[in-house]
Amino acid sequence: MKLSFIRLSPWQIAFWALILIISLPLLRILASWFEPSSDIWLHLYQTRLSGIISNTLLLLFGVAIGVTLLGVALAWTVSLCEFPGRKLLEWLLFLPFALPAYVIGFIYLGVFDFPGPVQTWLRDTLGWAGLDIRAYGLTLVIVMTLVLYPYVYMLARTAFYAQNSALIESARLMGMNAWQVFWKVSLPLARPAIAAGAMLALMETLADFGTVTLYNYATLTSAIFSVWEDFRSLQVAAQLSTLLLVIAVLLIFIERFSRGRARYDSRHRITYRPYKLKGIVAWSVTAAISLVVFLAFVLPLVQLVIWAWQAYSLEWDNRYFGWMSNTFTLAGIAALLTVSLAIILNAVKRHTRLSLISRAGLRFANLGYALPGSVLAVGIMLLIIEMGEKIAPGYGIWLSSGVLALLLAYTVRFLAVAYGPIESHFDTITPSMVEAARSLGANQQQLIGRIYLPILKPGLIVAAFMVAVDVMKELPATYLLRPYGWDTLAIRVYELSSEGLYEQAALPALMLLGLGLIALLGVAIINKHYQSSRTKNPEPFA
């Protein structure tokens, strides 16, 4: 008698194999609680644990307030108000996306800390005693806000643009001023996008390792590294990772709960700006937004260029060719793997009827981006060490620090980054396109070559760009899992900046920034070309 449940198509087999690969590191982390307890926990409980948890929660709270207030204010202003320089500033506000948090972190230390030029000038001119900006968590919150506000800004801006202009005009006719329209009409409609952007920013905050380490701010992420480096205990590191995992899941739940069933209607886009600012008000808005651009991008860029120029002769040598090669190799292979797996997931979703379990598995597969790189790194290390010891006793620890482990971490971490753009382009392939091609005698290869590939191509390129840039900037997973001799530009930035060598760290940081800007420009060009082509020919294959 044949069992129907084992009749799986190749797509379904690939689908469940992928889910299994993604699940194993997380399941291994959870399984660490079933192992014998360690005395290290007692030490942490008596000395640091309560402070680490409170620091983590306070940082998340501060960043949540900062990115929400700044991102929403900027998005609403550029979407519904007209003021001098709006078009240029609207796009300049995206540029901090290209800066890793740990880069702007060490730049602000070099400029504003006690020995920096700002406090030196204040002491020499005003006799100011000075202060250590690392002693205040508020400085770290400001730095993280300047780096991460684009998540909220990007999604809120799209939501504000997508709102029905008739609603805003109706509110104005009822006598509402600009603040009332924002608070009672625009903000409630944009709440889903704002919540999603804030959640992404908090996930990045939770995952951050380099910035909090530079500012001597103990969080759960830095504690995981400390336990591994100081006590060489992967078990306790894994158990600490579960606390990060719980916080990440709670953040996702809070975001989904606060959003509820709310959606914004994108059928009616705002085609004009109802608030035309004039005089001193208009120029004040321009100045305020320009200040944000200056603090979040222009100042870091200028300082990086100055430091890189000063330290070039001292820092540059042939090792940089190796670091760049490692960075490009890891980014390229990870982008190829991740995009390929995202195609498989989208193809299974489109061409098979997913069961409840399959849909849950698909959501689980996209959970990786919500997990800090340190969590995935610890899970992968434990998994590979144990499997390696069974296959080749004595070599498990060697296998855990290798390119394979790194690529697995990158793939799990950034699968959701590739999945989204590819899914959106899959959704534009209507059944009528496929049926029309089949009626004309197209076979499977022709369908792929003449329909699927041309439509998916922009999404594939955007996904590859985004994954590659994220891999280049990724620090926690790379730091833990990299094999000997496989340092990257991100590792070089962290090693130099953690030693206070900010001028020398500027050179690899400037390279990372350049790569990020190229990727942002490439994505913008591709999206603009795609939108214009869709406008001219909305359904070319029908």
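This is a predicted model: local features need pLDDT of at least 70, side-chain atom pairs count only at pLDDT 80 or more; totals for chains, interfaces and linings use all residues.

Me: Are α3 and α7 parallel, perpendicular or oblique to each other?

Reply: Two packed helices are described by the angle between their axes and the distance between the axes. Helix α3 covers residues 49–80 and helix α7 covers residues 137–161, and their axes come within 6 Å and cross at roughly 40 degrees. Angles under 35 degrees would count as roughly parallel and those from 65 to 115 as roughly perpendicular, so the relation of α3 to α7 is oblique.

Me: Is the crossing of α3 and α7 left-handed or right-handed, and how many nonpolar residues does their contact have?

Reply: As for its hand, the crossing of α3 and α7 is right-handed. Sorted by class, the contact of α3 with α7 includes 6 polar residues and 1 charged residue, while the number of nonpolar residues is 20.

Me: Is Arg86, which meets Glu82 in a salt bridge, buried or exposed?

Reply: The side chains of Glu82 and Arg86 are joined by a salt bridge, with an N to O distance of 3.4 Å. Glu82 has a relative accessibility of 29%, and it therefore counts as partly exposed. For Arg86 the relative accessibility is 4%, and since buried means under 20%, Arg86 counts as buried.

Me: How far apart are the closest N and O atoms in the salt bridge of Arg86 with Glu90?

Reply: Arg86 and Glu90 both belong to helix α4, residues 86–92, where they are 4 residues apart, about one turn of the helix. Both Arg86 and Glu90 are buried. In the salt bridge between Arg86 and Glu90, the closest N and O atoms are separated by 2.8 Å.

Me: How many salt bridges does a search of the whole structure find?

Reply: One example is the salt bridge in which the side chains of Arg319 and Asp317 meet at 3.0 Å, N to O. Arg319 is partly exposed at 42% relative accessible area, and Asp317 counts as partly exposed at 26%. Elsewhere, salt bridges that share partners connect Glu82, Arg86, Glu90 and Arg157 in one network. For the whole structure, the search gives a total of 9.

Me: Is the ring pair of Trp316 and Phe321 stacked or edge-to-face?

Reply: There are 14 aromatic pairs in the count. In one of them, the rings of Tyr312 and Trp316 have centres 5.9 Å apart and planes at 15 degrees, so this pair is stacked. The centres of the Trp316 and Phe321 rings are 5.5 Å apart and their planes stand at 80 degrees; because planes over 60 degrees apart meet the cut-off, the pair is edge-to-face.

Me: What is the C-alpha to C-alpha distance between Val293 and Leu92?

Reply: Val293 is placed in helix α13, which covers residues 279–315, and with a relative accessibility of 5% it counts as buried. Val293 and Leu92 are 201 residues apart in sequence, yet in space their C-alpha to C-alpha distance is 6.7 Å.

Conventions
Residues are numbered from 1 along each chain as its sequence is written. Side-chain values use heavy atoms; hydrogens and water are left out. Axes are lines fitted to C-alpha atoms, for helices over the stretch in contact, and angles run from 0 to 180 degrees between N-to-C directions. Helices (H or I, at least four residues) and strands (E, at least two) are DSSP runs, numbered from the N terminus. Angles under 35 degrees count as roughly parallel, over 145 as roughly antiparallel, 65 to 115 as roughly perpendicular and the rest as oblique. A crossing is left-handed if the near helix is turned anticlockwise from the far one by less than a right angle, and right-handed if clockwise. Ala, Val, Leu, Ile, Met, Phe, Trp, Tyr, Cys and Pro count as nonpolar, Asp, Glu, Lys and Arg as charged, and the others, Gly among them, as polar. A salt bridge is a side-chain nitrogen of Lys or Arg within 4 Å of a carboxyl oxygen of Asp or Glu. Buried means under 20% relative accessible area, exposed over 50%, partly exposed in between (1.4 Å probe, protein chains only). Rings of Phe, Tyr and Trp (its six-membered ring) pair if their centres lie within 6.5 Å; planes under 30 degrees apart count as stacked, over 60 as edge-to-face and the rest as tilted.
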